[in-house]
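Keep the viewer open as you read.

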Amino acid sequence: MVENSELRKAGLKVTLPRVKILQMLDSTEQRHMSAEDVYKALMEAGEDVGLATVYRVLTQFEAAGLVVRHNFDGGHAVFELADSGHHDHMVCVDTGEVIEFMDSEIEKRQKELVSERGLELVDHNLVLYVRKKK
């Protein structure tokens, strides 16, 4: 469970909207949420936090390193807590569902490709766009 100390460590003042949004991101089964998803979930939970506040707080969380923003093809950004270590993503082009995966062979091969060219891998983001087989 994410605590208020996470906000303080990130240099953010502990405010009710920040706490509610951080708790929502931490407690939901949906790991990748748009600002609109967060807003709807808060409204369904009876929390009074405006959409503009959700956008502002998510941007603050991103700058503080609490969340990671992903801009997958197809438009809107989604956010996930920055606590899960490295992983890659598959995005369903029909439903927008985001599936996390980790493959040690892919990771190894990427490092080899970079090294073969005399380079050092600093970071990467692998996204596979998929759909259900028909």
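Two residues are in contact here when they have heavy atoms within 4.5 Å of each other. Please keep in mind that this is a predicted model.

Let's begin with H2, which runs over residues 16-27.

The pairing with H3 can be followed residue by residue: from H2, Lys20, Ile21, Met24 and Leu25 meet Val38, Ala41 and Leu42 of H3. The axes of H2 and H3 are 10 Å apart, and the angle between the two helices is about 100°. That makes H2 roughly perpendicular to H3, because angles of 65 to 115 degrees count as such.

## Helix H4, one side in and one side out

H4 has 14 residues, and the 20 Å from its first C-alpha to its last is close to the 20 Å expected at 1.5 Å a residue. Buried in this helix are Thr53, Val54, Val57, Leu58 and Phe61. These residues cover an arc of only 130° around the axis, so they lie on the same side of H4. Turn to the other side of H4 and you will find Ala52 and Ala63 exposed.

What do the buried residues of H4 pack against? Their partners are H1, H2, H3, E1 and E2. After the helix comes Gly65, which has a positive phi near 85°.

H5 covers residues 104-116, which makes 13 residues. From first C-alpha to last, H5 reaches 18 Å, close to the 18 Å expected at 1.5 Å a residue. Glu107, Gln110 and Val114 are buried in H5. They share the same side of the helix, because their arc around the axis is only 65°. Strand E3 (88-92) is included in what covers them. On the other side of H5, Ser104, Glu105, Ser115 and Glu116 are exposed.

Both ends deserve a look. At the start of H5, a side-chain oxygen of Asp103 comes to within 2.9 Å of the backbone nitrogen of Glu105. Just after H5, Gly118 adopts a positive phi of about 70°.

Conventions: Residues numbered from 1 in each chain as written. Predicted model: local features only at pLDDT ≥ 70, side-chain atom pairs only at ≥ 80, totals over all residues. Heavy atoms only, no water. Helix = DSSP H or I, 4+ residues; strand = E, 2+ residues; numbered from the N terminus. Expected span 1.5 Å × (residues − 1). Buried < 20%, exposed > 50% of the residue type's maximum accessible area, 1.4 Å probe, protein only. Arc of directions from axis to C-beta. Polar contact = N/O pair within 3.5 Å; in protein donor to acceptor, adjacent residues only side chain to side chain. Axes fitted to C-alpha atoms, helices over the stretch in contact; angles between N-to-C directions. Parallel < 35°, antiparallel > 145°, perpendicular 65-115°, else oblique.
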